[in-house]
Amino acid sequence: MNPLTRLFRRFAWPSRVLTLASLIGLALLFWPARALRSDNFVFYLPTTRSVIALEVIEQNKYLPLIPVLNVVGKVEALQEKRDSLKIWFGKTQIELRVDDKKVQVNKARLNLAQPVRRPKGQWLVPVDFLTTVLPRLTSETIEYQVGTNRIFIGDVKPISFTVRLDQTANGARVTVQFTDKVTIHTAASNGKWYLFLGTRPVEPLEQTFRFQDPYISEIRFDDQDGSPKLILTPAVGGLNFYPTLAEGGKILLADVLKPPPPAPQPPASEQPLTATAPPTVPPPAPGVEEVPGAQAEPPLPVVVLDAAHGGADVGAHGRDGVLEKDLVAQLVARVRAALLATRRYRVVLTRVGDVNLAFEQRETAANLHRPRAFLSFHAGNLGMVTPRVVVYSYQAPSPPTSADSQQPRQLLIPWTQVYRVHLEQSRQLAQALQEKFALLSQVATDKPHEAPVRGLRSIDAPAVAIEVGTLTPDVDSGALTDSNFQQQIANAVAAALEAWRGGTS
Amino acid sequence: MLILLAILAVGAFYLRVLTRRVFFQPAPEHGEEVARTRLSEAALQSATSPQQSATLYFPSFEQGVLREEKRSVAWAEADTDRMRQVLLALIEGSRQGYSRPLPTSTGIRAVFLAPDGTAFLDISNQAIPDVDPGIASECLVVYSIVNSLAANIPAVKKVKILVQGQEVDTLNGHADLSGYFVPDPARISLAP
C-alpha cells in the first residue's frame, strides 16, 4: 500500500464515520416522534397491583392491550392478521383493527375516543378502553377517575387524604388526615422528603398541593411505581423534617423546622437532615408566637368544589341516560381548571372519581382546609326551560326564633349549626354568582334561593349550591352536557369569586 | 285448505292479542301501595261532615314555586285524620295540572300531632326513590306537605318528616330532613 493511500485511510475513515453518525443523529432529531414520553399506569386489585408502562402518542395516553387484559383475566388465544387482532378472553371475543376506533366485543360494537395503534408490533389501546370496553370483560366493579393513572378493580377500598399546612414559630407543620390508618417510612433523596404510605391503595383528592410558604413549596402524591407515597419539596435547603403519626395512624404530623442556631458545643454533624424520631425541641403550638418569614406571601385561599352524588348514588338522570353524578363531575373539572387558571386559589375537590361519599366525609374534606368558599354542584328538575342555573344558600327548616337571637353568643357551635356563622357571606356569594350567571347568553337564571340543602349545613365557610337543569327523565340533557355551556358556567364562577372576593376583602 | 287458513287466521289474531297484552298493557304501579292508599282514602271519605274547602299546595317546577289549589273535602273529626286526608289528596295529585309532590307509591305509615303543634309524619321508604331528586324539586315537595298541612289544620305549627319510622338525613339526597319544618308562605305563588 502506498503511503498516500495509508494517509487517506488514516484520516478519511474516521471522518466518514463521524459524518455518518452526524447524519443519523440529525435524522433521529428531526424524525416525527410519536411516543413523546412514558409514564406508568397502576392497576390496583384486591390482593395485588400491577404497574404497566403507559405510552403517549400524539398527546393521547395508550396502554398495551395484552398486559392490561392479563391483569383483569387471562387471554386464552389470539389471532393476529396484518392489521387486525382477534382475542379470546374467557367467553368474550374481542376484535380490533389498527388505526380504527371501533372495537368489537362479542356482538357489540364499541367506539374508543382514539384509534387503536400498533407501533413496533405492540397493540396499544387508548386509556378510555378502561371505561368503554373493560367493564364488559369483567364482572368486578371498576373505579377509575378519568385523567388519573390508576384504576381500582374489584373490592378495593382506597384511602384518601387531605393536606393542611400551618406555620409554626420556627417552621411549618404539615397535617395529613387520612380516611383510614396508614403506616409510614421516610427517605430523603435529591433534596426532597419521601413518605411511603404502606401497602393500602390511595386515591388522592388532589395530586399536587402547591404552597407559597417559606418552608414547603410542594407536596405531591405519587404511586407510579405501585408504592403510594407523598413527596415533600422544601422551599429552601437545610431544613429538618420530623414526621410522626397520630390518632393511631390516621393523622400524619410532619414538622419542617429551621435548624437551631449554632450552639457553642454540639457538633453540626449531629443535626439530622432527615429524621424519623420526634424533635428534640417540641414545636410550640401554632399561632402562639410571631410568624416567621413575614416578608413571605400568604398561602393562596382554598376553594372547595363538591361534585354531588357518586358511585351507586347516581342522582338525577336525563332522558338520554346522562347521570347527575357524571354531569356535575364534568362541571367541577371545568370550574377547577378555570379557578386554577386565575392563579389566585388552591382548589380542593371533595370527590375524585366515581365514589359515593357521605355528607360527613365531604364536610371533613372541606372544613380541614378552612376554605374561603365552598361550592356544591347539582343537577335536577328546574322546569322545561333548559339550560337554567339556580344558586342556593342554606336555609334552616325552622328559622331562628327571637329567643334564639337573645341567647348569649355560644363559645362552641354544633356542627349542625355551623352554617349560621357564614350565613350572610353565603348569601353574598350566592348573589355574586347569580349576577355573573345572569350575564350568560342563552342560559336562564333566577334570583338566589335559600333552601335547606343538606350538603351546605355543616360547612364552616361561605357555602352555596349551584343547581343546573333540567335533568329529568322527560328531557334530553344535551344543553347541559354542551361544552360551551359548561365552560360558560366555569368562567362565570371564576369571575363571581373574583368579584365577591373583592367585595369582601 | 280452508280449515288451515282459518286456523292460521285465529292463531294470528291470538298472537296479536297476546303481544298487546305483553308489550303494551301498562304494568300496575306498585299495586299494593295504590290499593292501600285508595283504601285509606275511601275510609276517610266516609266522614259524614258536610263538604268544606281545603287548600292544597302543589309544586310547579317550571316556576320553582308552590301553586294553590282549592278543593271540597268532607273533613274528618280528628286532626290526625285530617292530616291523612291532606296527604292523600297530595298523593292523588293536582286536578289543575300541577306536579304531584308525592308518588302514588307513597305509604303513610303513621301521623301524630304533639300538643306543642309538631306534626310527625312517617312515610314509607318505597316512595323515596320515586321522588324527583334535586334541590328545587325536593324542597318543593317538602314545603308542599308542610304548607298544605298547616293551611288546613290550624293546630299544626311545624312538621317533622320521618321515613320508615326513622329520622333521615335527606328526602332523596338533597333536602335536609333533620329539622322541624315551619310553613314557608314565601314559596307560594298566587300569580297565574
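Trainee: In this predicted model, which residue of E5(B) is the bridge partner of B:Thr118?

Mentor: B:Thr118 belongs to strand E4 of chain B, which covers residues 118-123. Six bridges join E4(B) to E5(B), and the two strands run parallel. Within E5(B), the bridge partner of B:Thr118 is B:Lys158.

Trainee: Which strands of the open sheet in chain B stand at the edges?

Mentor: The open sheet consists of three strands with mixed pairing, in the order E3-E4-E5. Neighbouring strands are turned by 15° against each other on average, direction ignored. Two of the strands have a single partner strand each, so one side of each is left without a neighbour in the sheet. These edge strands are E3 (108-113) and E5 (158-163) of chain B.

Trainee: Which helix lies across E4 and E5 of chain B, and at about what angle does it run to E5(B)?

Mentor: Helix H3 of chain B, residues 79-92, lies across E3 and E4 of chain B and runs at about 135° to E3(B). The helix across E4 and E5 of chain B covers residues 135-152. That helix is H4(B), and its angle to E5(B) is about 135°.

Trainee: Which residues of H4(B) meet H3(B)?

Mentor: On the side of H3(B), the residues taking part are B:Arg82, B:Met83, B:Val86 and B:Leu90. Their counterparts in H4(B) are B:Ser144, B:Ile145, B:Ser148, B:Leu149 and B:Asn152.

Trainee: How many residues of strand E24 of chain A are buried?

Mentor: Strand E24(A) covers residues 388-394 and is mostly covered. On one side A:Arg388, A:Val390, A:Tyr392 and A:Tyr394 are buried, and on the other A:Val389, A:Val391 and A:Ser393 are buried.

Trainee: Which strand pairs with E24(A) in the antiparallel sense?

Mentor: E24(A) pairs in the parallel sense with E25(A), residues 444-445, over two bridges, with A:Arg388 opposite A:Ala444. Three bridges join E24(A) to E26(A), residues 449-451, also in parallel, and there A:Tyr392 has A:His449 as its bridge partner. The antiparallel pairing has five bridges, and in it A:Val391 stands opposite A:Ile466. That partner is strand E27(A), residues 463-469.

Trainee: Is A:Glu206 buried, exposed or partly exposed?

Mentor: A:Glu206 lies in the loop between strand E15 (192-196) and strand E16 (208-210) of chain A. A residue counts as buried with 20 or more other C-beta atoms within 10 Å, and as exposed with 12 or fewer. A:Glu206 has 19 such atoms, so its class is partly exposed.

Trainee: What distance separates the C-alpha atoms of A:Glu206 and A:Phe161?

Mentor: Leaving aside residues up to four places away in sequence, A:Glu206 touches A:Val348 and A:Leu349. A:Phe161 is 45 residues from A:Glu206 along the chain. The C-alpha separation of A:Glu206 and A:Phe161 is 8.8 Å.

Trainee: What pattern does chain B follow along the sequence?

Mentor: Of the 192 residues of chain B, 35% count as buried. Chain B has four helices and six strands. Along the sequence their pattern is α-α-β-β-α-β-β-α-β-β.

Terms used: Residues numbered from 1 in each chain as written. Chains lettered and ligands numbered in written order. Predicted model: local features only at pLDDT ≥ 70, side-chain atom pairs only at ≥ 80, totals over all residues. Pairing = 2+ DSSP bridges. Axes fitted to C-alpha atoms, helices over the stretch in contact; angles between N-to-C directions. Contact = placed C-beta atoms within 7 Å.
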